[in-house]
Amino acid sequence: MAGAASGRVDAGHRRDDGLEHRRAARLAEATAKALREAGEAVVCASLAALDPAELKAFRTNLLIVSTTGEGEVPDPARPFLNRLRAADLNGTSFNLLALGDSRYASFCGGGQRVRAALLERGAREAADRQRADGEPTATWRDWLNGVAEIIGVRLGVVEAHKPDWSVTLTLVERERLDDPTQGNTREIWRLSFAPDETALDFRPGDLLLISPAEGDPPRCYSIGASSLIGEPRFDLTVSLHVWWDAEGQERLGLASNYLCRQLQPGAKIAAHLRRHPDFNPLEDPSRPMVLVATGAGIAPFPGFLVERAKQDNAGPVWLLFGNRCRNGGFFYRRQFEQWCEQRTLTRLDTAFSRDADDGHYIQDRLTEHGEELLRWLVEDRSALYTCGRVGAAGAAVEQSLHDIIARHGGRYGLKPDETLARWRAGGTLRFDVFG
Ligand SMILES: Cc1cc2nc3c(=O)[nH]c(=O)nc-3n(C[C@H](O)[C@H](O)[C@H](O)COP(=O)(O)OP(=O)(O)OC[C@H]3O[C@@H](n4cnc5c(N)ncnc54)[C@H](O)[C@@H]3O)c2cc1C
């Protein structure tokens with residue numbers, strides 16, 4: 001039995017093609033794992049490394065095929081398709097899952113080409129072909145369960161990927177973001193890590209898990225970069241955690257101290273990559289997003305904008321950022337202002353609570369622009385992402401939204417509690433808050 005993926009990590013492809021290729025490869029591995037765990041002998045290979053004649057040796061073949069350009073198979077799979085046109089596949093059985101994006105006319109075109117060629121050469125399709133639109137995990141799970149039933153294999157729980165991915169990283173850049181000359185600032189650093197392995201698939205909002213020392217439980221840090229754009233880099237924004245013990249002694253958080261003060265460029269660390277799909281940018285790039293951050297909670301959002309800046313049909317993005325002071329506390333200011341000029345960032349509002357000429361908190365800004373915010377969420381189908389500390393970002397933002405709906409929601413027939421619950425459950429509201 002062969003689980004075959006057309007995917008190969010190839011940084012040269014267009015953004016959505018690269019994502020699809022990685023997904024195909026990831027799902028092929030997960031397919032092979034599920035079948036092996038059910039006691040089957042499985043060979044998992046990229047179509048790039050497969051000769052069509054080899055398909056005859058297996059009881060059945062499972063193919064996961066992505067699409068590139070105008071409905072083509074990805075470049076690495078082309079030789080396979082060419083050889084397929086001359087192969088004799090009578091007596092060969094296959095099942096095909098095509099990955100695609102229905103916003104393109106060529107939806108699942110790559111899979112369709114491979115399927116047509118297989119049928120033409122005499123292969124028999126055991127289970128109906130499936131087409132996955134966008135994030136493919138649910139369709140893949142149904143497809144695999146259906147195939148397993150047909151071929152008489154009892155699968156256990158079908159998992160799309162390992163929960164955490166072990167990575168070795170080198171710190172390539174560190175930069176202090178706050179300005180200590182401004183007095184009472186929190187110490188915040190940007191750290192950029194290069195992974196040893198380049199074939200990694202991660203999005204902004206995914207998490208890096210880092211242990212400060214062997215045996216210490218890992219701490220989570222939000223990733224502000226995307227493997228879809230440029231060289232793979234894990235960009236973190238880390239706030240040095242300061243606390244006071246029972247004797248009133250100032251103590252530093254273990255992991256944040258290690259990252260902010262001890263780790264030097266060139267140092268290698270072991271970490272884990274945890275996927276966090278609920279806090280990734282929307283799959284549909286044309287849908288607007290509202291990003292709300294306080295302090296180090298800005299961490300994932302540069303990555304959101306890096307992705308949007310490269311998307312042809314990118315929708316509006318509104319960033320609301322709050323901190324104590326503008327001077328030394330407006331992190332990534334230059335980049336955000338550039339994204340404003342390029343119209344990647346449609347709107348930018350800030351609140352600096354300790355500045356004499358401001359004195360506002362993020363919740364004040366939300367309330368001030370409540371009517372407009374509600375219009376984005378209801379009429380424009382925006383998703384609102386909030387990241388930061390539990391109190392400042394979590395509870396405060398939720399309370400503001402409650403008040404905004406109570407004040408302006410009547411025109412849409414919205415009631416605060418049930419609307420917030422529905423928005424949370426449906427992904428309109430996404431919170432990533434930490435203590
Ligand atoms: C999903 C998620 C995403 C996150 N993203 C980010 C991010 O992008 N950036 C960021 O800066 N942070 C982020 N965090 C927070 C981060 O994971 C850590 O919690 C934070 O850096 C503090 O860890 P630390 O090891 O420095 O502190 P710790 O050493 O773990 O100290 C934390 C607390 O533990 C207690 N404590 C520790 N040692 C002792 C002791 N010996 N005795 C008694 N009490 C003790 C104290 O109350 C202290 O305040 C995120 C958290 C989550 C859950």
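Let's start with the ligand. The shell around the ligand draws at least three residues from each of domain 2 (164-277) and domain 3 (282-434); the domain bounds come from an automatic or database domain assignment.

A word on the source. This is a predicted model, where local features need pLDDT of at least 70, side-chain atom pairs count only at pLDDT 80 or more, and totals for chains, interfaces and linings use all residues. Residues are numbered from 1 along each chain as its sequence is written, and side-chain values use heavy atoms, leaving out hydrogens and water.

Who comes nearest? Of the 18 residues around the ligand, R219, C220, Y221, H241 and S256 do. Being near means having a heavy atom within 4 Å.

Now the polar contacts, pairs of N or O atoms within 3.5 Å. A polar backbone atom of C220 sits 2.7 Å from a ligand oxygen. For H241, a side-chain N or O atom is 2.6 Å from a ligand oxygen. A255 uses a backbone N or O atom, at 2.8 Å from an oxygen of the ligand.

Which element gives the largest share of the shell? That is β10, with 4 residues. Strands here are DSSP runs of E, at least two residues.

Next, the neighbour of β10. Strand β9 (residues 207-210) runs antiparallel to β10, joined by 4 bridges. Strands pair if DSSP finds at least two bridges between them. In β14, the partner of L209 is H272.

Last, the side chains of β9. L207 and L209 point one way, L208 and I210 the other, and all are buried, meaning under 20% relative accessible area with a 1.4 Å probe, protein chains only.

Technical notes: Polar contact = N/O pair within 3.5 Å; in protein donor to acceptor, adjacent residues only side chain to side chain. Buried < 20%, exposed > 50% of the residue type's maximum accessible area, 1.4 Å probe, protein only.
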